Amino acid sequence: MNTGGSSAARDERIEGIAPRRSVMERVIETVAGGLGNGVGWLAESGVLFVAFAVLWVAFAVGLVASQGTVDQAWQAIRELPLLVQAVVWVLFLPVMAGLWIWESSWPLLLRLVLVVGIAGWNLLIFLPKTLQNRG
């Protein structure tokens, strides 16, 4: 029964040397680490807070000034290719969830409470630590 794989890999594990990773594993680790660090920096510096605050203000202005613009935005997103829609949903999930809720046929008060709740939660999550510690 061969449970150890190749003898070279077994020797590396026995000696405490980590097995060599493939080129693809190293590329994925580098890209994912870079993206993760970049997103972390965006969150810590407040860039994501400002970006989502602008999106939520635009959402609110669209609701107050012209309900049709919110409807048009929803239709424009729905007309995008499926892959692009998926990317938009992943990148802007809280705003997209708010838009989806607003476009539903639920009672107005329920939609309003849910959208305001999601917006508040979203902005609270991205609130930079420097602003959190001032309170």
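**Figure 1. Leu 131 in helix α8.** Leu 131 sits in helix α8, which covers residues 129-132; helices (H or I, at least four residues) and strands (E, at least two) are DSSP runs, numbered from the N terminus. The model is predicted, so local features need pLDDT of at least 70 and side-chain atom pairs count only at pLDDT 80 or more, while totals for chains, interfaces and linings use all residues. Residues are numbered from 1 along each chain as its sequence is written, and side-chain values use heavy atoms, with hydrogens and water left out. Leu 131 counts as partly exposed, at 37% relative accessibility; buried means under 20% relative accessible area, exposed over 50%, and partly exposed in between (1.4 Å probe, protein chains only). Gly 46 is 85 residues from Leu 131 along the chain, and the C-alpha atoms of Leu 131 and Gly 46 are separated by 9.3 Å.

**Figure 2. Phe 52 in helix α3.** Helix α3 spans residues 47-65 and contains Phe 52. With a relative accessible area of 6%, Phe 52 is buried. Apart from neighbours within four places in sequence, Phe 52 is in contact with Leu 91, Phe 92, Pro 94, Val 95, Asn 122, Leu 123 and Phe 126; contact means heavy atoms within 4.5 Å. One of these partners, Phe 126, is 74 residues from Phe 52 in sequence, with 8.4 Å from C-alpha to C-alpha.

**Figure 3. Leu 55 in helix α3.** Leu 55 also belongs to helix α3. Leu 55 has a relative accessible area of 30% and is partly exposed. When neighbours within four places in sequence are left aside, the contacts of Leu 55 are Phe 92 and Val 95. Between Leu 55 and Phe 92 there are 9.3 Å from C-alpha to C-alpha, and the two are 37 residues apart along the chain.

**Figure 4. Helices α6 and α7.** Two packed helices are described by the angle between their axes and the distance between the axes. The axes of α6 (residues 93-103) and α7 (residues 108-125) come within 9 Å and cross at roughly 175 degrees. That makes α6 roughly antiparallel to α7. Axes are lines fitted to C-alpha atoms, for helices over the stretch in contact, and angles run from 0 to 180 degrees between N-to-C directions. Angles under 35 degrees count as roughly parallel, over 145 as roughly antiparallel, 65 to 115 as roughly perpendicular and the rest as oblique. On the α6 side, the contact involves Pro 94, Ala 97, Gly 98, Ile 101 and Trp 102. On the α7 side, the residues are Leu 108, Arg 111, Leu 112, Leu 114, Val 115, Ile 118, Trp 121 and Asn 122. By class, the residues of the contact of α6 with α7 are ten nonpolar, two polar and one charged; Ala, Val, Leu, Ile, Met, Phe, Trp, Tyr, Cys and Pro count as nonpolar, Asp, Glu, Lys and Arg as charged, and the others, Gly among them, as polar.

**Figure 5. The salt bridge of Glu 29 and Arg 21.** One salt bridge is found in a search of the whole structure; the term means a side-chain nitrogen of Lys or Arg within 4 Å of a carboxyl oxygen of Asp or Glu. Glu 29 forms a salt bridge with Arg 21, and the closest N and O atoms are 2.3 Å apart. Glu 29 counts as partly exposed, at 46% relative accessibility. Arg 21 counts as partly exposed as well, at 39%.

**Figure 6. Gln 85 in helix α5.** Gln 85 is part of helix α5, residues 82-91. A relative accessibility of 17% places Gln 85 among the buried residues. Not counting residues up to four places away in sequence, Gln 85 touches Ile 77, Arg 78 and Leu 80.
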